[in-house]
Every structure is written in structure tokens, then in C-alpha cells.
Amino acid sequence: MFVGSAAAGFAFGEAALFAVKPTLAEDGVLLSAATAASRRAGSTGVGVVAACLVFTSVLLSLGSGFLFAAVVMKLLSKIGVRMSWLAEATTGASVVVGAVTTGLSAGILPPWIYITAQAILVLIVYSYSNINDMTKALLIIFTDLFLSVLYGRMGVIIGLFVMGLTISFLCALRKALTERMTQRPKSKISCRLLERIFFYSVVVGVLGFSVGVGAGEAGEGSEEEVVLMLQSVLWVAFLSAGLLGAGLGTVAMVGLGPEVAGKVAVGAAIISSAALRAIQQSGSSLGTRSYAGGTLGAAAAAGVSLGAASVAAKQAFGSKNTALAILGSVVVGAILATRDLELKTTLLTTSELITITLVAVGAFVLGAPKSPFHTQVNLQRGLLTGPELIKGIGMETVTAAAAPIGAGALGAAVLGTAALGRLGTVGVLVAVLLALGSTLSGMIGKSPSTTSAHTD
């Protein structure tokens, strides 16, 4: 139990070492394009679009890892492997292999194939959604991310104050609309993304604000400013990948039980550590996109290891002393990983080391018995278990990747329009206001539609 927790913390600590490396800034072509775009749309806009692309890569990698693990579990079940511990450890390793392989494909495949595959994913999700609601939801997500990054660049105190004023204004606006408009029956046709927009806005706001704080004050879009922005995006993405992996890993492992989860955690931790070393050794031949995608996939898989280890340590949370001991093992594992001379090419500051350990502990706590993630969930096909549950979580995660890539594409079009001049800027502002007003009105109530539309 303690060994598995320490191993999971070690794996996440190793993955976090790659977060402090200027991976994206080392690509001369990418940096030149980002710098040129920042002069027109601003470094904040470039950072927001980059964040959408990076988080899309994380979701695709993690979802593919779960899907590959589900396939391996079914194959092992058909073969009839007698040693259960081997099958369970192999399942954990499969999550890493699927996640890392998908991340590496971002650079191995030609860009047009990779972009086309993402576009097809977005279109598939769109085909099962209300197009107008989906577009409004994506626009709101991008606007929320843009504003939160902008507020973060104002500084922690001023940024939080301005964000509070913005939230107060939106709440007052919604209240005013509620009082003036009569209640009408809600439409039966809706978009799940729009229904959950409050939750997504909170998550996106926290991530965006963190990126903005790390990027510092906005400047004139110089190359140094763009480098700092890209590095801030990568830093937040790595830490968020661990948290996301831990949350989904907890949900996936609850149905399998503590004993199985412990072996899955060890398998995922060992293979993710090995994968990071392999990527490090092959860094010069992989290219920037594959290097970043592969390490992000490994970070998400390390998060799954943390979630599985937490589920396995269910009994340790029964008393205060054992709970502190198990959390201490995670901290020790994460700190030992940051001392790894083979992977560490950049010295960590004290604040970075503290942040990594706190995120590792936070990710581990997501699997605690009283955590909202420590529960069996009903997916679209009902309450699932075993390989079917892993497959369902993988499908949901891959589908969720349509949100950031869709928001990023829409946001890039918005910024490109605004960069055309004053008329383009006015057009963008009008579109945002119309979407906001339409969404607020839709939350209050709208008459049922008589036209046919797709289901969610």
C-alpha cells in the first residue's frame, strides 16, 4: 500500500520535471508563428489558443489510454491468464502505453492528418448535439478562458478583484433578466455542454487564471513574452493532466476494488517512468510536438496511477495517523523524483517543488473514500463495471476533447477577425454579447422548438 503510493508519487514527480522545460519554445517554427500571431492578436490570445490545443492533446491521450486498457483487459480475459496480478499490472501499463502512443502520434503523423482527425471528432460530437447551443457553449468557454488568463496577468490580488466584479455583474444581469421575463417551458432539446456550462466555466476559469499568473503582465507581444506564455501553458497543463488522470482513474478503479487498483497503480507507475526515460533519450529525434504530446500523456497516466493507489489505500484513510503516513509516502516519492539526475535538466525553484508536491497530494486525495470521485458513476449506457466501465470512461474522455479543440478553433477565428481592425473587433464583441444574452435567456426558459434536431 505504502510502496504503491510512493511509486505513484514518484511517477508523477518525474512527469512534472518535464513541465519546467521550455519544450514548446524550443521549436523555432512554432515560436516564430506564435510571435507573429501575438503581434496581431496579443500574447494572451496566443496563450489561450495554445491552451485549448494542449488540453485537447491531454484528453485524447488519456481517453485513448483507457480504451487501450479496456481492449487489453478483454484479451487477457479471453486468453484466461491464470496469474491475476500479471493481468492487473498489465492493465495499468496499458493505460500508459495508449496515452503515450497517442501523444507521440501528434508529431509522428503529418500535421494535416492529425488536424483532420480532430476535426472529424468535433464534427461527430456536433452531429449529436444542438448546433446553436454547442456553438454558444464553445464561445462561452473560449471567452471565459480568455478573460481568466487576462485577469491572471493583472496579478493575483487585482485579478481576483476584477474577476469578482465580473462574476457579480453577470449574476446581477441574470437576476434582472429573470425578473423581467416570464417563465416559459424549457426546451426538451438542449446541449449537455450548455447545461453543464457553469461547472466547465469554473474549471476553465481556474486553469486560465493560473496560466495568466504564470505568464506575468501583458506586454507588446515580444518573443520573450510569448516564450513565457507558452511555458506557463505547459506548466499548468502538466499539473492539470495529473489531476485529471487521478480523478478519472479513481472513477475507473472504484468498480474494480482496492486489491486490483493497487496492482494497476504499480503497473502504471513503473511503465510511465520507463516511458518518460525513453522519451528523454529519444528527444532529439522525436520533434517538439511528439516530445510534448508523449510527456503529457505520461503525466496523465501517472495521475491515473495516483488515483488507483489512493483507491487501493482505502483502509489507510480510516485513521488520522495512517492517512498522514500514506500522504507522506506520496510526498516522499514526488520529492525523490525531482532529484532524478537522469531526467532533471532544469533546476526547480522552491515554489515549483512545493507546487508539485501539493498537486501530487491533491491528486491522491481525489481517490479518498469521502471524495466525490470515489463512487460508481452512471454513464450513458448505465452502471458499468470492469472492461466496459474502462471503455465507457475512455469514450467519454475522447468525446470531451471536442470541447477544447472546438473552442480553440472558434477562438482562433474570433481573434483572426478581431485582428482585421476596428470593424472586426466590433463584430466580435457583438457576437459575444449576443451569445451571452441568448444563453442567459435560455437558462431562464424558452419555448419548445417545433423543428427536428439531433439528440445529445
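So, is Val 213 buried, exposed or partly exposed? Quick reminder before I get to that: what we're looking at is a predicted model. Okay, Val 213 comes out as partly exposed, because its relative accessible area is 37%, and anything between 20% and 50% lands in that class. You'll find Val 213 in helix α8, which covers residues 197–215.

Together with Leu 150, Met 154, Val 156, Ile 157, Ile 158 and Leu 160, Val 213 makes a nonpolar surface patch of about 620 Å². The biggest giver to that patch is helix α6, residues 156–180, with four residues.

Now let's go inside. Ser 148 sits in helix α5, residues 131–152. Ser 148 has a relative accessibility of 1%, so Ser 148 counts as buried. What does Ser 148 touch, leaving aside neighbours within four places in sequence? The contacts are Met 163, Val 204, Gly 205, Gly 208 and Phe 209.

Last stop, the aromatics. The count is two aromatic pairs. One of them is Phe 18 with Tyr 291: the ring centres are 6.0 Å apart and the planes meet at 55°, so we call this pair tilted. Where do the two partners sit? Phe 18 is in the loop between α1 (2–17) and α2 (28–79), while Tyr 291 belongs to helix α12, residues 288–312, so the pair ties together parts that are 273 residues apart in sequence. And both Phe 18 and Tyr 291 are buried.

That's my tour, thanks.

Definitions and conventions. Residues are numbered from 1 along each chain as its sequence is written. This is a predicted model: local features need pLDDT of at least 70, side-chain atom pairs count only at pLDDT 80 or more; totals for chains, interfaces and linings use all residues. Side-chain values use heavy atoms; hydrogens and water are left out. Rings of Phe, Tyr and Trp (its six-membered ring) pair if their centres lie within 6.5 Å; planes under 30 degrees apart count as stacked, over 60 as edge-to-face and the rest as tilted. Helices (H or I, at least four residues) and strands (E, at least two) are DSSP runs, numbered from the N terminus. Buried means under 20% relative accessible area, exposed over 50%, partly exposed in between (1.4 Å probe, protein chains only). Patches are made of residues with over 30% relative accessible area and no salt bridge: like charges are joined within 9 Å, nonpolar side chains (Val, Leu, Ile, Met, Phe, Trp, Tyr) within 5 Å. Accessible areas come from the Shrake-Rupley method with a 1.4 Å probe; for residues, only the protein chains shown count as cover. A salt bridge is a side-chain nitrogen of Lys or Arg within 4 Å of a carboxyl oxygen of Asp or Glu. Contact means heavy atoms within 4.5 Å.
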